[in-house]
Amino acid sequence: MTETLHISCLLSTLLLASCASQVPVNIRQAPPNNPLLDEVRDNAVSFQSRQVRWGGEILQLDNRENATVLSVLARPLSKDGEPRSTDSSQGRFIAHIPIFIDPKVYTMGREVTVRGTVAGIETRQVGEYPYTYVVVKATDWYLWPEAVQYPADYYRWWYYDPWIYHPWYGYPYYHHPHHYRHH
Amino acid sequence: MTLSRFFLLSIVLLLLGACASGPSFDTRRVDLAVTPRSAVAEQPLTSGQTVLWGGVILNTRNLESHTVLEVLAYPLNSNQMPQRGRDPLGRFILERQGFLEPASYAEGRMVTVVGTLERSESGTVGGSDYVYPVIEANELYLWPRDSEQYNRSNVHFGIGVGIGL
């Protein structure tokens, strides 16, 4: 009796462990009273050093000496911090990341979520328009896996057959999205 | 009787709601016969007309106080969505006060606009001269990226086989 209890306990722990997300906890969880980008832009001084968690689509990446500057088009985030696919946006922000980030990995259009503190505002030209960016000093960041393009017949019945080996469908048999992790 | 009628009505409304998405701009003041090409056919152009145009964005320029889009126009369907499969109606230039995000109003995205015909402007396309009608956008709608897929096939029918055990 105790034996079965023991085993089931072990099993459920294993199962739970396999669910654990790769997304850093500071990305998954928003800071308390996470301010909106709009409010911070309008009144950056009073939000100085406040914790924020924002995310969206990468617009530009500049590699500096020992640092990387990302400009991001913010989008609303889901509860676990992932940018939602919508056009509604509160605008752009800049994230200062204290290490080198590979521009071939963090490419334009990829989705990123950043956690950090408000460092101020910076005006940069977008075309000829003087755009006011909120600058965030990032402490955590996460590049979301790219949406995987499945082959057109991915959802056909033979893909679900776990018992028969289908050499003619080639390798890789399953497609795993790649997770890029940082610290 | 009234209850079943109510149900029928609500189902019909739900179905209609599922199909008709889009800006639903008020077209009472719009001169629907004017196309970008016909607007510049006679010079000087008749400014002040209200038009309903839509098409695919060719480029976006952010200026100090306004944004300029160059659009290739297509005929609109009943949802006021540009129909890319049909013959284009010429190019036009759209001006909007303030800042439009160029990453959203990007090349290839579709817009529908109610605007006021302002003037014509000459430019070049490759080596050719081109005369653009310029409109001031009063109401502007950016179509979601995948709206063409939703609007192309409105209704699907399927046949299913079930086994009861």
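How many helices and strands does the secondary structure of chain B come to? In this predicted model, the count for chain B is three helices and five strands.

The predictor assigns the complex an ipTM of 0.71 and a pTM of 0.73. For chain B, the mean pLDDT is 85, and 79% of the residues in this chain reach 70 or more. Where pLDDT is low, the predicted coordinates should not be read in detail. Chain B has 165 residues, of which 25% are buried. Of the contacts in chain B between residues at least 6 apart in sequence, 61% join residues at least 24 apart.

The five strands of chain B close into a barrel. Their order in the barrel is β1-β2-β3-β5-β4, and the pairing is mixed. From one strand to the next, the twist averages 45°. In the barrel order, β5 stands between β3 and β4. One of the pairings joins strand β3 (residues 90-97) of chain B to strand β5 (residues 128-142) of chain B. These two strands run in the parallel sense, and their pairing extends over three bridges. Within strand β5(B), Ile135(B) is the residue that stands opposite Leu94(B).

Strand β4 of chain B spans residues 110-125 and includes Glu121(B). When neighbours within four places in sequence are left aside, the residues in contact with Glu121(B) are Ile93(B), Tyr132(B) and Val134(B). Of these contacts, Tyr132(B) is eleven residues from Glu121(B) along the chain, and the C-alpha atoms of the two residues are separated by 5.2 Å.

Chain B also touches chain A. The contacts between the two chains involve nine residues of chain A and eleven residues of chain B. On the side of chain A that touches chain B, four residues are nonpolar, two are polar and three are charged.

Notes:
Residues are numbered from 1 along each chain as its sequence is written. Chains are lettered from A and ligands numbered from 1 in the order in which they are written. This is a predicted model: local features need pLDDT of at least 70, side-chain atom pairs count only at pLDDT 80 or more; totals for chains, interfaces and linings use all residues. pLDDT is the predictor's confidence in each residue, from 0 to 100. Helices (H or I, at least four residues) and strands (E, at least two) are DSSP runs, numbered from the N terminus. A residue is buried if 20 or more other C-beta atoms lie within 10 Å of its own, exposed if 12 or fewer, and partly exposed in between; C-beta atoms are placed from the backbone. Two residues are in contact if their C-beta atoms, placed from the backbone, lie within 7 Å. Ala, Val, Leu, Ile, Met, Phe, Trp, Tyr, Cys and Pro count as nonpolar, Asp, Glu, Lys and Arg as charged, and the others, Gly among them, as polar. Two strands pair if DSSP finds at least two bridges between them. Axes are lines fitted to C-alpha atoms, for helices over the stretch in contact, and angles run from 0 to 180 degrees between N-to-C directions.
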